[in-house]
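Notebook open, structure loaded. I'm jotting down what I look up as I go.

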Amino acid sequence: MSTDTDADARQQLIDLAAEFYDQFERGDVPSMTLPTRTKSNIEYDEASDVWVYGDRTSTRSANSVRGARKLLKAIYTIEFLARQLDEDRSSTLRELYYLSESWDAEEAQFNGQDESNKLVEDLEIVSEVKREDFHMRPEESGATLIGPLELIEQTRRGERQIHCQQDVGEGGYQIPNNPDTIQFTDHDIDFVLCVETGGMRDRLVENGFDTEYNCLIVHLKGQPARATRRVTKRLHDELDLPVLVFTDGDPWSYRIFGSVAYGSIKSAHLSKYLATPEARYVGIRPQDIVEYDLPTDPLADSDVNALESELEDPRFQDEFWTEQIELQLDIDKKAEQQALAANGLDFVTDTYLPERLTDMGVL
Amino acid sequence: MTSFQQTLGEEAGIAEELAESQRAISIAEFFEKNKQMLGFDSEARALVTAVKEAVDNALDATEEARIRPNISVEITESGDYYRLAVEDNGPGITREQIPKIFGKLLYGSRFHAREQSRGQQGIGISAAVLYSQLTSGKPAKITSRTKGSETVMEFELVIDTDDNEPEIREERELTPGESDLGDTHGTRIELEMAANMRARQQLQDYIKHTAVVNPHATISFSEPNQEFVAKADYDADLPEETEEIRPHPHGVELGNVLKMLKATDSHSVSGFLQTEFTRVGRKTADNIVDAFRDRHYGREMAWSLPDDDGVTAAVTEAVNNKPAEAVGAFADQVVGELDDRAVDGRVAHHQVAAAVEAAAEGVEAEAQFGSTVRENVVEGVWAAITGYGATSEDEETDDGARIRDDVRAHADAATSVQKDDAVVVAFADRLAAKFVPEAEDPDLRRNRLHRDTVRDYVDRAADMTEEREDATFGDTARENVVEELWGTMVTVPDDPPKVSDLAADRQGVGDLVAAMRMTDIIAPPTSCLSPISAELVEAGLRKEFDAEFYSAATRDAEVTAGDPFVVEAGIAYGGDIEAEGQARLLRYANRVPLVYKRGGCAITQVIQDIGWRNYNLDQPGGRGVPNGPVVIMVHVASTNVPFTSESKDAVASVPEIEDEIELAVREAARDLKSYLKKQRSMRKRKQKQNVLADILPRMATKVAEVTGRPEPNYDDALARIMNNVLVERETKENGDSQTVTVRIENNASTKELPELTDIVTAEPSNLTDGASVVEMDGEWFVKWQPEVSSGDEAVLEYTVATDASFDLSVSGVEGPKLTVTN
């Protein structure tokens, strides 16, 4: 945690406030311009291979009561964050939401956590400072990873050197909220396997997949937290490891892969920092449902809508995904990772993954 | 407008008829039998009617004399009876005028006058006098002082129920101090009658509503329970005097025409039409007379002329004992005259007669053809034309071929091409048979027929054709044939009957009325109407209702059934008007409030059918009278307001009038809509301003805190956000004096005309052009009213002593739109 970053972040926030100040002084209506955060304003950035916000912007202006409230909340939040940095403290997004209750201006208080979360993201975008550097962290404990990796973590209680296979229990090493506080020191990893569900992660650990194949198993825990995505990106970039994503075979899981590989719509401003465009999708693929004759559920209406919307999602515009999604719409089925157990508990580690990874040239 | 003759023609006409038919019985009995119609059916209602009559009388009397009316209505209890006293400041009345005012009950001499007048009941004050006399036995007391007179005359008057004449019982000359009458000239009528106050609300409504449509008048009202005064609006002028117009031919009924025929000095129908009706000149009269002839006498069928030889032969045949040369010349003349008269080669019987007449006169020098000879020639030629009734038996043998050919041609022209030719021919031949002249009947011989008869011929021929030929001959086809034939037929030259004869001929008068209806006549003039005007409708509402918003509309005059009419509407909204429940409806006919039968009135119905939600008013179910603090006023002014019944409480549903009512109400409502819309947006703006006025200062404070700078000025930003007009006053010291700069920045989307007044305690100098200074008691009023376009700014500058204090105010810009910073 460098004081430089903190001071920078703080300065950025104050500059933002100064911008409002100048607007007032010029007699202008205070406003804040942000990229439009919708799917249609996501563009592929060829230089970095990730999806970033496009040119379209929206303006929060004090011209409307709504806009004015947003800006008032923004300036109160800026003040809070600046003080937090000043005092070298940190807080969770949820704490920010509750804290707003104590603010003197009722109009500045948040109506819900979505609103405060979104505002922090807005501030990240305009200040070009990451949330983590504001010392804001999410609620949930980070996800875990397990595998032949040695690292040093800067904790508030000093440096800790940890081997992520030998120094941890079966639960694995917990990724800190700001993974930039860790340093990779040594490893024996051949590839990184990101797994969506806890059940499958535990199966792989129980079957010793990480030791057998020198694999680092990262638990995504559903839609992966930023810290998880950042670690994955660093593992790929710094240790030059192939990254593979293993999820359920349904549209929601494809989005999980999408956010690991290309970035999410909400945090497209951080794609360059979070996304691993080289990540590859292992499965479950709709073709697996057919080939392995997996137990399935029929697609719900919402699944179909999600698949159709993915066909238009710029992140899924390639031959592989178009083919798979169309196939799935065609067979009208979806399957979970654990459906592989229909062929025995060891099928996934003995057959499915080795075969697929060999096909993909990883093994 | 005569003040004492309240009756509006027709109404009295009906009453007169009624009275006439009951002459055998006493006037008291007549009154008793008809009191419902006269508005005296209950004791409660009788009082309202009496007040109405007396007030209408008083208003008319004062207006006629061009005096601003000041009228008082007092109702007091008097033993078992109620005493009504109505006093005006009119010109007063003399003894000689008494019979005129209290003239025979229900008689109107000018029954066909067309003029807008208040007289709705058509009975005048005399009915009220009679009612009080019959119920209380007390005479009416009339007190009057004419203009310039030193004394007051007091009369006690009864109506003699035997001969229906007013009779003065007592007569006193008093000094002004002795009488009850007010300071100057005027008339006071006191009546004692059986009555009750159950219709108190209607009574008050009547007075209040009368005040709305007579903003020029002051009316005070007192009754045992309360009293109030509706004060005149002194900006409101007296209504313009109306001109009386003669009736319009499209608006008269048979009964009226009958009476007019009896009363007129004209002898000819044409003269009668031109003198007694409006918009009838010579040409129109001719058109009406032609239409009358067609209806009254019928037209004559015109048939194709035979060739010249045929005519010559017929003429020669009909003339005996004349030199052949003369006969030849005469025949030639007849041929020529017929050709001149023929239309499309066809002539009618009277044209033949005229041709023969002219030919005989043409050859007078050579030979005399007497009337018998002429008649013979006419019939001979007519026989040659129709092919029937020829005296000689030579070549005219083909039974009815001539007529048949003509009728076939007409039938062919009138029927559609889809019709089978054989069917048309069969039909035409049957029809032609109907036209065969019958020697015994002069009309049939001449083929002189009414249109109905032609239709009857066509129907019979068509029915037969349908039966025999199994063809269809619909109503349209039949009517087309009639139209074709009627078009060919010729109006006869017969003179219409003399007026005196016509008056005795109900059928003939019916034909005349129908002829007047059929003839195109331009609409009547509107000078006979005296609408209140939108301005005064608004003034009246303003006077009687303390509202936030008023609007009014007056439509242009329209005509229905020959009567010109004008509809006006007014709306008052908000303020002290009762917000609970339905809107109040004020209905008027010729400036008189209608207080009964609200539901049955066309005005109410039109208002109920309007979608008031479109005008931002609450209307449960999207139909009915809207809810809310609204007064809707509608005035129908006409020379003849159509009522649903004799009691004249509700306007009847006449489409033309309903349309105008709707348009007038909608016009007034449009203004209400934009007002309500604006009010709503102002309210929103106000709310927005309140929220932003809270948020922006807090934002400014926080921004200052975070940046560690002094608090920024946010007024400009606020003004801009609110599309506001921003007025800023700045001063710059310059030794002993200071330069004051007032800057007006218009951020609104429209042009603004703010009025600035800056009151300073020292004399200002170096004022910007356009600003002015007025000194009052040691204070200087700097006044400035610049025009500032949207997005523009205007600057006022002046110099004043440094120690001068100031007080800046701005008007002319709506409050929520204005931000003033000192």
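Predicted model: local features only at pLDDT ≥ 70, side-chain atom pairs only at ≥ 80, totals over all residues.

Which residues does A:Lys272 touch, not counting those up to four places away in sequence? I get A:Asp45, A:Ser48, A:Val50, A:Val52 and A:Lys233.

**Entry 1: A:Lys272**

I looked up where this lysine sits, and A:Lys272 is in helix 9 of chain A, residues 271-274. A:Lys272 and A:Asp45 are 227 residues apart along the chain, yet their C-alpha atoms are separated by 9.3 Å. Is A:Lys272 buried or exposed? Its relative accessible area is 53%, so I put it down as exposed, the cut-off being over 50%.

**Entry 2: B:Tyr588**

Next I hopped over to chain B. B:Tyr588 belongs to strand 17, which runs over residues 584-589. I wrote down "buried" for B:Tyr588 because its relative accessibility is 0%, and buried means under 20%.

What is B:Tyr588 in contact with, leaving aside neighbours within four places in sequence? I found B:His209, B:Thr210, B:Val212 and B:Val213, then B:Pro593, B:Leu594 and B:Ile603, and finally B:Met633, B:Val634, B:His635 and B:Val636. I checked two of these further. The side chain of B:Tyr588 comes to 2.6 Å from the backbone oxygen of B:His209. B:Ile603 is 15 residues away from B:Tyr588 in sequence, and the C-alpha to C-alpha distance is 9.1 Å.

**Entry 3: where the chains meet**

Now for the interface. I see 25 residues of chain B in contact with 27 residues of chain A. Together the two chains bury about 2,300 Å², with 71% of that on carbon and sulfur atoms. Which residues of chain B lose the most area to chain A? They are B:Met699, B:Lys702 and B:Val706, which together make up 26% of what that side buries.

A:Asp22 and B:Arg709 form a salt bridge through their side chains, at 3.3 Å from N to O.

Which elements give two or more residues to the side of chain B that touches chain A? Helix 23 (655-707) and helix 24 (715-721) do. Helix 23 gives the most, with 15 residues. Sorted by class, that side of chain B has 14 nonpolar, two polar and nine charged residues.

Note on methods. Residues numbered from 1 in each chain as written. Chains lettered and ligands numbered in written order. Heavy atoms only, no water. Helix = DSSP H or I, 4+ residues; strand = E, 2+ residues; numbered from the N terminus. Buried < 20%, exposed > 50% of the residue type's maximum accessible area, 1.4 Å probe, protein only. Contact = heavy atoms within 4.5 Å. Polar contact = N/O pair within 3.5 Å; in protein donor to acceptor, adjacent residues only side chain to side chain. Buried area = accessible area lost by both parts, 1.4 Å probe. Salt bridge = Lys/Arg side-chain N within 4 Å of Asp/Glu carboxyl O. Nonpolar A, V, L, I, M, F, W, Y, C, P; charged D, E, K, R; others polar.
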